[in-house]
Amino acid sequence: MAPQKIYRIILIATLIITGLVAGSQPTLAQTEQPPQASSKPKTEDATGLEVQLHLLLATKSATGDDEKPPASLDAVVKQLRSTFPFKNYRLVTTLLNRVSSGGKLSLRWVGSPLLAGTAATSATPGFNEFNVQEVRLAQDEQGRDVVKMENFKFGARIPIQVTSVASNGSSVPVVQYEQTGITTDISMREGEPTIVGTLNVGPSGDALIIVVSAKRPASR
């Protein structure tokens, strides 16, 4: 075979091998891409909120200073005095509970008499219920922190003693339970006690004042 023909064969083979190697480089570049970092799952908002429920009893009879509500409710009592003619406001009970933002709250308890002169005893106690479908930390249009409560519900069954006439004509005391309560949606400033509503209870015209507040607990 002539040297010139052998040289042409070697040259053509070299060009074919070079083309094959060059054509395979894009494929390698596609298959050897570094792995992408996996995205972290979004964690749920676990912000804790302290919810305080205050029950105040408003009466027409004046009493001593020893039954005054705590100083944290001074603004609430001042607002009540400017609106209602009651002479005295006393704190019946305060309940403190912790709930996550976006969570729900449900309480039931057997309470002491809410009203003086009711028939509440160990045998006929009063029953109370407090429910919130959702407690959520949010911001208002001005960017201020607020707490929203959806389907806020408070209810109480209060024993009332009435007189009934027996078959022999004598009068006998009978205890009947009266249902009272309120259901609403509310929005309030964080940490600011807010009046949810008032309920007229008892034959003497007394009123039960429902006050609630919620805030994030102080960091320790």
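Trainee: What covers the buried residues of helix H2?

Mentor: In this predicted model, the cover includes strand S1 (48-59), strand S2 (88-100), strand S7 (194-201) and strand S8 (206-215). The buried residues of H2 (residues 74-81) are Val76, Val77 and Leu80.

Trainee: Why is histidine 54 called buried?

Mentor: Its relative accessibility is 3%. The cut-off for buried is under 20%, so histidine 54 counts as buried. The residue lies in strand S1.

Trainee: What makes the pairing of the histidine 54 and threonine 94 side chains a polar contact?

Mentor: The two side chains are paired at 3.1 Å, and the definition requires N or O atoms within 3.5 Å, one able to donate a hydrogen and the other to accept it. Beyond its neighbours within four places in sequence, histidine 54 is also in contact with other residues, among them Leu73, Leu91 and Ile209.

Trainee: Which residues touch the most other members of the largest nonpolar core?

Mentor: They are Met149, Phe152, Phe154 and Ile210, in a core of 31 residues. Strand S5 (145-165) gives the most to this core, with seven residues. A second, separate core of eleven residues includes Ala58, Val77, Leu80 and Ile209.

Technical notes
Residues are numbered from 1 along each chain as its sequence is written. This is a predicted model: local features need pLDDT of at least 70, side-chain atom pairs count only at pLDDT 80 or more; totals for chains, interfaces and linings use all residues. Side-chain values use heavy atoms; hydrogens and water are left out. Buried means under 20% relative accessible area, exposed over 50%, partly exposed in between (1.4 Å probe, protein chains only). Helices (H or I, at least four residues) and strands (E, at least two) are DSSP runs, numbered from the N terminus. Contact means heavy atoms within 4.5 Å. A nonpolar core is a set of buried Ala, Val, Leu, Ile, Met, Phe, Trp, Tyr and Cys residues joined through side-chain atoms within 4.5 Å.
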